[in-house]
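Here are some notes to read alongside the model, written as numbered points. Please keep the sequence and the 3D view open while you go through them.

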Amino acid sequence: MNWTTYIFYGADIREYHLDFIKEQISKIAAISEITGYFLVDDHEGEKKLCWQVFDGHFLETEQVNILFNN
């Protein structure tokens, strides 16, 4: 709608595959005019990675859920 395409991918992925997926998204960002936001979290909700793609750039930030930290 409104000339925008949305893609959703939801799956359980082993942590050791994150580097592969991040590399693939980085490659797509470098060759395509896409904007994207990817949220990756662990099954306990303690650690979250935010990957952002905009104008050929890939930005990664890490967020820790303060509600679960003692």
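1. Which residues of helix 1 are buried? They are Leu18, Ile25 and Ala29, where buried means under 20% relative accessible area, exposed over 50% and partly exposed in between, with a 1.4 Å probe and protein chains only. These three cover an arc of only 40° around the axis, so they sit on the same side of helix 1; the arc is that of the directions from the helix axis to the C-beta atoms. On the other side of helix 1, Asp19, Phe20, Ala30 and Ile31 are exposed.

2. A word on the basis of these notes. The model is predicted, local features need pLDDT of at least 70, side-chain atom pairs count only at pLDDT 80 or more, and totals for chains, interfaces and linings use all residues. Residues are numbered from 1 along each chain as its sequence is written, and side-chain values use heavy atoms, with hydrogens and water left out.

3. Now the overall layout. The protein chain has one helix and three strands, in the order α-β-β-β along the sequence. Helices (H or I, at least four residues) and strands (E, at least two) are DSSP runs, numbered from the N terminus. Of the 70 residues in the protein chain, 13% count as buried.

4. Next, the largest pocket, with a volume of about 1,400 Å³. Of the 34 residues that line it, Tyr9, Ile13, Phe38, Leu39 and Val40 are the closest to its centre. On a 1 Å grid over the protein atoms alone, a pocket is an open set of points where a 1.4 Å probe fits, with protein on both sides within 12 Å along at least five of seven lines; lining residues have an atom within 4 Å of a point. The volume is the space filled by probe spheres set on the points.

5. Who supplies that lining? Helix 1, strand 1 (35-41), strand 2 (47-54) and strand 3 (57-64) each give at least two residues, and the largest share, seven residues, comes from strand 1. By class there are 17 nonpolar, seven polar and 10 charged residues. Here Ala, Val, Leu, Ile, Met, Phe, Trp, Tyr, Cys and Pro count as nonpolar, Asp, Glu, Lys and Arg as charged, and the others, Gly among them, as polar.

6. Do look at the aromatic rings. Rings of Phe, Tyr and Trp (its six-membered ring) pair if their centres lie within 6.5 Å; planes under 30 degrees apart are stacked, over 60 edge-to-face and the rest tilted. The count comes to one aromatic pair: the rings of Trp51 and Phe58 have centres 5.9 Å apart and planes at 50°, so the pair is tilted. Trp51 is buried at 2% relative accessibility, while Phe58 is partly exposed at 26%.

7. Most residues other than glycine have a negative phi.

8. Finally, Thr61 in strand 3 is partly exposed, at 31%. Its C-alpha atom is 6.6 Å from that of Trp51, 10 residues away along the chain.
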